[in-house]
Each structure stands twice: as structure tokens, then as C-alpha cells.
Amino acid sequence: MLIRHLYCRATVTRGLFVPTKNTWGNQDMSRPSSDLAAFRDIFSKAKHVVILTGAGVSAESGVPTFRGAGGYWRKWQAQQLATPEAFSRNPSRVWEFYHYRREVMLTKTPNPAHQAIAECQERLCRKGRKVTLVTQNIDELHRRAGSKDVLELHGSLFKTRCMSCGHVSANHKSPICAALEGKGAPDPNTDDAKIPVNDLPRCQEADCRGLLRPAVVWFGESLDSDILQRVEEELDSCDLCLVVGTSSIVYPAAMFAPQVAARGVPVAEFNMEHTPATMEFQFHFHGPCGTTLPAALAPHLSEAK
């Protein structure tokens with residue numbers, strides 16, 4: 001797989017875009033099926049399912065997306081808030097933005113799509129089948145819904161990493177530090193939140209007190225090589241793949257499902273719209289994931305046998 005080539009070269013970074021030109025007319029293939037019964041028949045026989053999720057899943061919980069209408073990068077400049085250089089230059093402003101996002105997320109709850117995936121994982125696991133979840137989301141809503149085997153490509157809003165000792169730990173404090181209490185969204189026209197760096201979140205490991213940063217993958221940073229290798233292994237061995245709520249335009253996630261489809265494995269896309277990869281898949285189910293996914297992943301009649 002191409003992911004192995006990129007992984008070995010250690011150059012897989014967040015923020016690489018797939019061309020979005022519509023190539024449907026250049027492909028000798030039929031439009032993907034929306035036959036739920038046909039999908040359910042394949043689903044009932046699958047032994048190893050991989051589910052890839054993106055921002056569209058959490059959007060139905062009221063979580064802002066990034067590039068859609070009202071998305072984060074419509075209002076703020078990503079290079080000022082989500083790069084290592086931005087944090088080095090202005091950690092106060094970056095932390096204000098991530099504190100705001102953490103506080104927003106604490107008001108959100110998993111929706112029926114998150115719950116359907118978690119229930120499916122637990123149910124099929126009891127029957128000796130495997131369901132692996134790979135997500136581009138950093139909101140932890142899948143975990144809060146009860147999903148256990150979650151590969152978080154871009155990290156988590158609720159983890160921190162020390163810039164001095166490198167320690168990574170879960171952190172669900174609200175607020176994350178006293179200096180950020182009561183802070184809302186940063187003003188897009190303001191350069192500095194004016195919080196002294198010593199008052200920003202600090203490492204609690206013995207004798208460290210180093211500056212903490214959000215443990216997320218920023219633009220220009222490499223994704224975790226261990227997670228990428230695990231994803232590759234899961235994709236290479238799955239016999240069914242679902243692509244849920246993702247635009248299929250950002251590497252490396254954009255190449256995952258098409259490569260599964262290229263080796264003849266059924267791939268089903270669940271999305272509010274067609275994507276650049278839609279025509280490469282066997283199925284496409286149009287509509288809110290919270291509506292389409294529960295019906296697709298519900299217990300099959302064959303499971304009662």
C-alpha cells in the first residue's frame with residue numbers, strides 16, 4: 001500500500017490535500033449502489049470491519065467543522081493557530097483557541113452515529129468478529145460513546161504533551177488552567193491573548209513544570225508512525241470498510257478507503273454529499289450519518305443464529 005511507502009519515508013504529514021477535480025466521467029464504472037439490503041448482506045458476513053470517520057460524524061453533535069460553512073478555518077487562519085511555528089511564536093493565543101475548543105466539546109454529547117459504531121463494536125466482538133475504528137476527529141466523542149478500539153490519527157483535544165520532558169497525559173480539566181478560566185473564542189483580529197507564558201498549562205511531572213501543548217497533530221507535523229502502521233495492518237486485512245462523514249480530500253486518510261477498494265474489498269461511504277472518492281466505492285448512502293448508520297449497523301437476522 002502507498003501508506004507503507006509514506007510511512008517508511010516518515011513524511012506523512014497532516015494537511016496534504018487530494019485534488020478535488022471531479023473525475024467521474026473518466027472512470028469506467030457504474031454509480032455506487034444505495035441498496036441497503038445488499039450492504040447488510042455483506043455486513044452480516046464480514047469478519048473484520050474497519051470504520052473510518054471524519055468531522056461529519058461529530059458535526060451532528062453540534063461540533064464545528066473546519067472547512068464547511070461556519071467551519072473553524074473560515075473564521076481563523078490555521079497557520080496562526082494550528083502549527084508548531086504558531087505555538088512557538090504565540091503560545092498564549094494558541095492555548096486560548098484550544099481551551100475554547102475543549103470547553104465547547106464538554107457541552108457536546110455523542111449522537112446516534114457514534115452510538116451505533118460503539119454498539120456494533122461491542123456486539124460483533126462478543127461474536128468473535130472485529131471492528132476497528134480509525135478517526136480523524138480529536139473530540140473523543142467516539143470514546144465517550146463507548147468505543148474501545150479507537151485509532152486517533154490526529155491525537156486528542158483532551159491530551160497534553162510537555163515541551164520539556166515529552167510526557168503525554170490525559171487532561172480533562174475545565175478550565176485547563178486558572179489563567180484561561182472564562183476565556184471564550186479568541187478574536188480573529190487579535191494577535192495575543194496576553195496570558196503570561198508561566199501561567200499557561202504546565203507539566204505536573206516531578207521537577208519539570210515545562211510548558212504543555214495540546215497533544216494533537218498540527219499542520220506540517222508527522223502523524224504517529226506507530227498508529228499509521230497499525231492502520232495499515234487493519235486496512236490490509238479487513239474484508240469490509242466504511243467511510244463515515246469524511247470529505248476524502250486530506251491525506252493520509254483520503255487514500256485509505258480507495259486503496260481498500262482497489263484490492264476488491266467492499267467499501268461503503270456514508271456522507272451528506274458525494275466526495276472525490278465516491279465513484280471508487282461499491283456503496284454510497286446519502287444523508288445524515290446519525291440517520292443512515294444506525295440502520296446499516298443494526299443487528300442482522302443472521303446474528304440470531
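Cys162 is buried, with a relative accessible area of 4% (buried means under 20%, exposed over 50% and partly exposed in between, with a 1.4 Å probe and protein chains only). Before we follow this residue further, please note that this is a predicted model, where local features need pLDDT of at least 70, side-chain atom pairs count only at pLDDT 80 or more, and totals for chains, interfaces and linings use all residues. Residues are numbered from 1 along each chain as its sequence is written, and side-chain values use heavy atoms, leaving out hydrogens and water.

**The cysteine group**

Cys162 belongs to a set that an unreviewed UniProt entry annotates as "binding site", together with Cys165, Cys203 and Cys208. These four are spread over 47 residues of sequence, yet they cluster in space, with a largest C-alpha distance of 8.9 Å. UniProt positions are given in the numbering used here, feature names are shortened, and annotations may be inferred rather than shown by experiment.

The table sets two of these cysteines side by side. Its contacts leave aside neighbours within four places in sequence, and contact means heavy atoms within 4.5 Å. Strands (E, at least two residues) and helices (H or I, at least four) are DSSP runs, numbered from the N terminus.

| Residue | Place | Relative accessible area | Contacts |

Which strands flank β5 in its sheet? The order is β6-β5-β7 in an open sheet of 3 strands with antiparallel pairing; two strands pair if DSSP finds at least two bridges between them. Strands β6 and β7 (212-216) are at the edges with a single partner strand each, so one side of each is left without a neighbour in the sheet. From one strand to the next, the twist averages 40°.

β5 and β7 are joined by 4 bridges in the antiparallel sense, and Cys162 stands opposite Leu212 in β7. Helix α7 (residues 91-105) lies across β5 and β7, at about 140° to β5. Axes here are lines fitted to C-alpha atoms, for helices over the stretch in contact, and angles run from 0 to 180 degrees between N-to-C directions.

**The parallel sheet**

β4 also takes part in an open sheet of 6 strands, ordered β4-β3-β2-β8-β10-β11 with parallel pairing. Its edge strands, β4 and β11 (283-286), each pair on one side only. Neighbouring strands are turned by 15° against each other on average, direction ignored.

Within this sheet, β2 (residues 48-53) and β3 (residues 130-135) run parallel and are joined by 6 bridges, where His48 has Lys130 as its bridge partner in β3. Helix α2 (residues 36-45) packs on the sheet and touches β8 (240-244), β10 (267-271) and β11, making about 125° with the direction of β11.
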